[in-house]
Amino acid sequence: MKNSSQPPWLSFQLKGGMYFAKLEFFNPFSRSIKDRAVFNMLMNAKKRGNINGTRKLFEATSGNVGISMAALSNVMGIDFRAYLPKPTPKTTEVLLGVLGAEVIRTDFETIDPKMVGYVVEEAKKAGAVNLNQFENDDNFEAHYKHTAREIDEQLKGIGKKAKAIIAGIGTSGHIGGLAKYFKERYDTKIIGVVPAEGESIPGIKRLETKPKWFFQVDIDEVIEVTKRDAIEGAIEVARREGLLIGLSSGAVVKAFEKVIDKLGEGTYVLIFPDDGFKYVEAFDVYLRGEM
């Protein structure tokens with residue numbers, strides 16, 4: 001979460017070259033990149049006095065933000081309620097239950113502006129705090145000030161500069177922060193990854209959901225990936241590198257494979273937001289040939 005504890009890198013071989021992945025599942029609470037945004041949002045809300053007078057926190061989430069908020073709410077003595085879209089993996093709901101969160105599984109198919117607005121209103125009615133990861137600039141700030149700087153410092157430490165960074169688009173907090181930081185300093189290309197039309201991949205969303213920071217920064221290209229491709233990308237890394245990565249990470253791998261021939265040689269950084277343990281159900285369906 002903080003710069004003093006930097007998640008490690010994986011260097012791996014793919015398409016005849018050596019590339020790097022940022023392993024964000026070494027963050028401790030949700031085992032994902034979302035610990036960074038949640039920690040920053042909570043600490044800044046506390047500094048501003050926004051959560052000092054309440055013991056309730058509501059949030060729309062499809063997984064890792066909810067798990068991170070549930071964990072940190074326990075540390076801070078706050079009751080947490082997670083509002084989930086309908087397709088959220090059962091594993092996420094179970095983990096939220098283990099952490100003591102109240103779980104509301106809604107009829108929304110994805111977290112779009114309608115669902116976000118619904119949760120905002122529910123929080124108002126209950127006198128609860130809604131940090132709203134989709135609009136809260138503390139989300140973006142966490143990645144601009146910390147995630148991006150870590151990547152820059154780690155690359156400088158081995159004498160390299162990123163030719164391109166490939167990352168999924170969810171709230172757009174982490175890809176937005178990375179884009180702003182690296183575009184201010186270098187000619188690094190930023191490649192975004194979204195689900196193909198009609199597909200659902202946990203952790204990433206289509207641009208129709210209007211991710212706030214995507215439209216405020218310079219993204220060079222957006223690649224669409226199917227859920228099947230995302231699963232196969234995760235399985236490829238598992239069987240080649242021995243690492244169990246999540247579905248949005250698998251999607252990033254597949255997007256990278258689509259652009260590497262066009263972009264040519266150089267130093268590439270892939271962001272792996274979480275590990276594969278929350279997605280056992282999806283892997284099981286694929287491995288049983290039912291997909």
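The model is predicted. Helix 5 (residues 137-157) packs against helix 6 (residues 173-185), and helix 1 (residues 34-48) packs against helix 5 as well. Strand 7 (residues 164-168) pairs with strand 10 and with strand 8.

**Helix 5 with helix 6**

- The two helices pack at an angle of about 55°, and their axes are 7 Å apart.
- Helix 5 and helix 6 are therefore oblique to each other.
- Their crossing is right-handed.
- On the helix 5 side, the contact residues are N139, F140, H143, Y144, T147, A148, R149, I151 and D152.
- On the helix 6 side, they are G173, H174, G176, G177, L178, K180, Y181, F182, E184 and R185.
- By class, this contact holds 7 nonpolar, 7 polar and 5 charged residues.

**Helix 1 with helix 5**

- Helix 1 and helix 5 pack at an angle of about 125°, with 8 Å between their axes.
- That angle makes helix 1 oblique to helix 5.
- This crossing is right-handed.
- Helix 1 contributes R36, A37, N40, M41, N44 and R48 to the contact.
- Helix 5 meets them with D138, N139, E141, A142, H143, H146, T147 and E150.
- The residues here divide into 3 nonpolar, 6 polar and 5 charged.

- Strand 3 (residues 56-60) and strand 4 (residues 79-84) run parallel and are joined by 5 bridges.
- E59 has A82 in strand 4 as its bridge partner.

- Strand 7 and strand 10 pair in the parallel sense over 3 bridges.
- A164 stands opposite Y268 in strand 10.
- Strand 7 also pairs with strand 8, in the parallel sense over 5 bridges.
- There, I166 has I191 in strand 8 as its bridge partner.
- Strand 8 (residues 189-195) is mostly covered, with 6 of its 7 residues buried.
- Strand 10 (residues 268-272) has 5 of its 5 residues buried, so the rest of the structure largely encloses it.
- Both faces of strand 10 are covered.
- Y268, L270 and F272 are buried on one side, and V269 and I271 are buried on the other.

**I67 in helix 2**

- I67 belongs to helix 2 (residues 64-76).
- Its relative accessibility is 4%, so I67 counts as buried, the cut-off being under 20%.
- Beyond its neighbours within four places in sequence, I67 contacts F29, S30, T92, L95, L96, L99 and K278.
- I67 and K34 are 33 residues apart along the chain, and their C-alpha atoms are separated by 9.0 Å.

Definitions and conventions. Residues numbered from 1 in each chain as written. Predicted model: local features only at pLDDT ≥ 70, side-chain atom pairs only at ≥ 80, totals over all residues. Heavy atoms only, no water. Axes fitted to C-alpha atoms, helices over the stretch in contact; angles between N-to-C directions. Helix = DSSP H or I, 4+ residues; strand = E, 2+ residues; numbered from the N terminus. Parallel < 35°, antiparallel > 145°, perpendicular 65-115°, else oblique. Left-handed = near helix turned anticlockwise from the far one by under 90°. Contact = heavy atoms within 4.5 Å. Nonpolar A, V, L, I, M, F, W, Y, C, P; charged D, E, K, R; others polar. Buried < 20%, exposed > 50% of the residue type's maximum accessible area, 1.4 Å probe, protein only. Pairing = 2+ DSSP bridges.
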